[in-house]
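Subject: Structure handover

Hello,

Please find the structure below. Notes on what was found in it follow.

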Amino acid sequence: CQPAQRKFTWANDSRLLNFAVSKIQAARRSRAVYSYPQSFAHIMYRTHNCGALRKQDIGQRVTLSGWVQTIRNFGGITFIDLRDRYGITQLVFPESRQDIVHGLGREFVIRVTGLTTERSNKNPHIPTGDIEIQVDTCEILNSSKVPPFTLQDDTDGGDDLRMRYRYLDLRRNTVRKNLELRYRASRAARNYLDQEGFMEIETPF
């Protein structure tokens with residue numbers, strides 16, 4: 001049985017394109033105003049990003065996802081810095097939750113759920129330095145081999161090594177800031193030219 005051949009017409013396809021664009025715009029608007037209830041937290045990758053929580057969020061149960069930046073084990077308690085493109089949040093695994101930490105490594109992608117509490121030893125160098133997450137559950141979304149260099153601002157990787165593993169180097173904060181700066185400059189130029197009546201095109205169409 002052969003599939004029916006679809007006749008291409010500009011009229012049909014333009015209507016389909018307009019319909020798709022309207023649906024995308026409606027979805028974007030709904031995401032901008034819709035807040036997910038806490039009952040959906042178990043099916044979401046996150047309720048907040050790793051740079052969003054502040055002192056006024058203490059007492060909230062949250063779900064975060066990101067890369068494991070560092071692991072600090074002090075015997076009965078373990079601290080993990082969880083990182084995404086927005087920032088870093090400290091996770092706390094008490095003695096009763098040490099079984100969760102077993103097997104985790106740097107650059108593992110995990111999803112955690114827990115209670116936002118005030119840090120006793122605050123970190124003024126990061127926006128989330130007033131809070132930490134007391135972890136209840138932890139799920140490994142993706143494991144990782146040991147990175148060939150540390151993915152931090154003061155990395156121990158040379159230029160050749162970082163270029164070889166460029167996809168890892170792009171996770172570093174300094175490189176990310178350069179990408180964001182380039183994006184903002186490009187967007188500002190495009191917005192200005194659009195307001196002046198210019199149109200950006202690519203060929204062939």
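Lys122 is partly exposed, with a relative accessible area of 35% (buried means under 20% relative accessible area, exposed over 50%, partly exposed in between, with a 1.4 Å probe and protein chains only). Its salt-bridge partner is Glu118, with the closest N and O atoms 2.9 Å apart; a salt bridge is a side-chain nitrogen of Lys or Arg within 4 Å of a carboxyl oxygen of Asp or Glu. Glu118 also counts as partly exposed, at 39% relative accessibility.

Before the rest, some notes on the basis. This is a predicted model, in which local features need pLDDT of at least 70 and side-chain atom pairs count only at pLDDT 80 or more, while totals for chains, interfaces and linings use all residues. Residues are numbered from 1 along each chain as its sequence is written, and side-chain values use heavy atoms, with hydrogens and water left out.

Overall layout

The protein chain has 5 helices and 5 strands, in the order α-β-β-β-α-β-β-α-α-α along the sequence. Helices (H or I, at least four residues) and strands (E, at least two) are DSSP runs, numbered from the N terminus. Of its 205 residues, 31% count as buried.

The strands form a closed barrel of 5, running β1-β2-β3-β5-β4 with mixed pairing; two strands pair if DSSP finds at least two bridges between them. Strands β4 and β5 (residues 131-142) run antiparallel and are joined by 10 bridges. One of the residues involved is Glu118, whose bridge partner in β5 is Ile131.

The core

What does the largest nonpolar core contain? It has 18 residues, of which Leu64, Leu91, Ile110 and Ile133 touch the most other members. A nonpolar core is a set of buried Ala, Val, Leu, Ile, Met, Phe, Trp, Tyr and Cys residues joined through side-chain atoms within 4.5 Å. The elements giving two or more residues to this core are β1 (61-73), β2 (78-84), β3 (87-93), α2 (98-101), β4 and β5. Not counting residues up to four places away in sequence, Leu91 touches several residues, including Leu64, Ile110 and Ile133; contact means heavy atoms within 4.5 Å.

Thr116 is found in strand β4 (residues 109-118) and is buried, with a relative accessible area of 1%. Among the residues that Thr116 touches, leaving out those up to four places away in sequence, are Leu53, Asp57, Val62, Ile131 and Ile133.

Other salt bridges

A search of the whole structure finds 14 salt bridges. In one of these, the side chains of Asp84 and Arg46 meet at 3.7 Å, N to O. Asp84 lies in strand β2 and Arg46 in the loop between α1 (10-33) and β1, so the pair ties together parts that are 38 residues apart in sequence. Asp84 is buried, at 9% relative accessible area, whereas Arg46 counts as partly exposed at 33%.

Asp136 and Arg61 form a salt bridge at 2.7 Å, N to O. Here the pair ties together parts 75 residues apart in sequence, because Asp136 lies in strand β5 and Arg61 in strand β1. Asp136 counts as partly exposed at 24% relative accessibility, and Arg61 does too at 40%.

Regards
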